[in-house]
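This briefing covers helix packing, backbone geometry and the ligand surroundings of one protein model. The cut-offs behind each term are given where the term is used.

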Amino acid sequence: MATADAVPPPLPEAIAALLASATDRLIGDPSAALAGAERALGLLDAQADAPPAWRAQVLRILGLSQGHAGDARRGVDTLRTALALADAQDHALRAKVERALSIVHDQLHALDDALAWAVRAAASARSAGDESLLADALHSCGVARSKAGDTDGGLANYREVLQLHEAGGRIGASISILNNIGINLKNLGRLEEAVVSLRRAQALMAGRPEAVSLPLVQTNLAEPLWRLGRLDEAQAEVDAALGALDPKARNAHEANARWMRAEVLRGRGRLDEANAELQRALDAAQRLQRIDTEANVRLSLSTLAAERGDFAAALAHHQAFHALDRRRLDDEAARRIQALTVQADLAQARHEAEVYRLRHGELAQAHDRLQALHDALLAADVEKSRLLERLAAQSRTDPLSGLANRRALDEHLAAEFARSQRLGHPLALAMCDLDNFKQINDRLGHATGDLVLQRTAALLRATCRDIDLVARYGGEEFCLVFLEADLDAARRACETARAAVAAHDWAAEHPALRVSLSIGVAAAEGCADPAALLALADRRLYEAKRAGKDRVVAAG
Ligand SMILES: Nc1nc2c(ncn2[C@@H]2O[C@H](COP(=O)(O)OP(=O)(O)OP(=O)(O)O)[C@@H](O)[C@H]2O)c(=O)[nH]1
């Protein structure tokens, strides 16, 4: 059974009314049905948030209208879209759309597809638990099988349908299917059974003139009766059928009925009457363009002419019969070719759709892979920049003290020296050297020596301004670059630094530790280049050492 959540909300009234009227006109006035279905689609397009099931319902009637109006190819496309929109759980809607697909394929003479869709419709109808839909689907199976020449298979389907209609009390539908069963039985040569089935149809029709055309059933009944030699009964049926024909609106079955009556008359030896009726049958068959019936009539006329000794007429009718028979075969061949072409086109379209779907999928995957690659490259690039920055920083930093190294000092000094000369701003530089450092190393060990270097670096950094550069020049030597500072300001800063080193609680690091710093300081003014400035500061440092260490020398 269909699950409750698969039942779509009912269609808006205006759309439902258009679809109902289009459905009624499918057979009689397919162009009006098509116009109505297209209007319904227009209304649906104007409706915001229409559920897909509504569109599927509208497209079902549109596809059927297209098929009945002569464009079954478009009908197939429309109905395939409808099926794609129908919820997988909405079995009832799927059954209806699948049956519609069976009908339009039948119109294309693609009988294999028509049967396949009808079988799918029957399966969906079973899932929906809807016997009326199941009967319709099985009816379509029967039609497709019968048309494809599987009369027995068609008959089995029709019998199932009959059972369902009888159980459901659908008398009109039962009559229609009994008529189909009768025709199949007649075509199988099971004439007695054909008569039984058609008589049952006839009995059900009593008092129901509006149900399936009675003359149709009567004409169908006449043929097996005639073949069985039951001429009285055959004549009664065919007379009744012809009597019921509206002379103004000539019925499509007229030609067949007249041919049947002529055969009954011939069977009774009333050759003149038979001949006259055959002429009327010929006239009707040609007017109604019923090749099958015209061929039957021509054959009967030929036989009759021969019986009457008119061999020239017999030959002429026989030749006409053969021409019709050839045309019938040609038409059949053309229909088969058209059906095969349509099937090939549909298969090609499906193949192309599949290729497109796969390509689309591959492209999406390739795009995802590229995106991932791009992201990874971007991340690697960021990481590389970070590493380069770290390397650049490392290449300019002294690892032990964390101060700028000699390379950073040289670059900084070159740039600031040039700037001070260009702008006439003061610049000063100090060379600092720990006193008796070799002894510290020798007496207290290199680890203590390293610790002294680190502590001194921190003290220098803490006493200088942020804009001043504190660098480790090498070994136990430090260099200070004072921006915007003349010789006296630099000297005072150096004195503060020296005093900080001297005042530090070195005994806390090691009881025997004594540390002091000698500094030579010089101003850039008067120096030709950074090297001259460094040399001057270094000379004054030497002077500080010579004068007894632990002091700042800024002159000389
Ligand atoms: N622990 C340690 N010692 C270093 C480092 N770099 C240089 N030295 C040592 O520092 C000492 C410098 O000694 P000298 O140039 O003789 O000078 P000094 O003993 O300080 O004597 P004055 O400068 O005259 O006071 C050497 O023994 C070097 O081995 C270092 O990174 N760590």
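The points below go from the overall make-up to local features.

The model is predicted, so local features need pLDDT of at least 70, side-chain atom pairs count only at pLDDT 80 or more, and totals for chains, interfaces and linings use all residues. Residues are numbered from 1 along each chain as its sequence is written.

**Overall make-up**

- The protein has 21 helices and five strands; helices (H or I, at least four residues) and strands (E, at least two) are DSSP runs, numbered from the N terminus.
- Of the 556 residues, 40% are buried. A residue is buried if 20 or more other C-beta atoms lie within 10 Å of its own, exposed if 12 or fewer, and partly exposed in between, with C-beta atoms placed from the backbone.
- Among contacts with a separation of 6 or more, 58% are between residues 24 or more positions apart. Two residues are in contact if their C-beta atoms, placed from the backbone, lie within 7 Å.

**Packing of α1 with α3**

- Helix α1 (residues 13-25) packs on helix α3 (residues 52-68) at an angle of about 25 degrees, the axes being 10 Å apart. Axes are lines fitted to C-alpha atoms, for helices over the stretch in contact, and angles run from 0 to 180 degrees between N-to-C directions.
- That angle makes α1 roughly parallel to α3; angles under 35 degrees count as roughly parallel, over 145 as roughly antiparallel, 65 to 115 as roughly perpendicular and the rest as oblique.
- The α1 and α3 crossing is left-handed, a term for a near helix turned anticlockwise from the far one by less than a right angle, with right-handed used if clockwise.
- I15, L19, A22 and T23 of α1 meet Q57, V58, I61 and S65 of α3.
- By class, this contact of α1 with α3 has five nonpolar, three polar and no charged residues. Ala, Val, Leu, Ile, Met, Phe, Trp, Tyr, Cys and Pro count as nonpolar, Asp, Glu, Lys and Arg as charged, and the others, Gly among them, as polar.

**Packing of α3 with α5**

- The axes of α3 and helix α5 (residues 91-107) come within 10 Å and cross at roughly 20 degrees, and α3 and α5 are therefore roughly parallel to each other.
- The crossing of α3 and α5 is also left-handed.
- On α3 the contact includes A53, A56, Q57 and R60, and on α5 it includes L93, K96, V97 and A100.
- This contact of α3 with α5 has eight nonpolar, four polar and two charged residues.

**Positive phi**

- Most residues other than glycine have a negative phi.
- N436, not a glycine, has a positive phi of about 50 degrees. N436 sits in the loop between β1 (427-434) and α18 (437-444) and is partly exposed, with 15 other C-beta atoms within 10 Å.
- E484 has a positive phi near 50 degrees. E484 lies in the loop between β3 (477-483) and α20 (487-503), and E484 is partly exposed, with 15 other C-beta atoms within 10 Å.

**Ligand shell**

- Of the 15 residues around the ligand, F437, K438, H446, G449 and G475 come nearest; a residue counts as near if its C-beta atom, placed from the backbone, lies within 6 Å.
- β1, α18 and α19 (446-463) each give two or more residues to the shell, and α19 gives the most, with four residues.
- The shell has four nonpolar, five polar and six charged residues.
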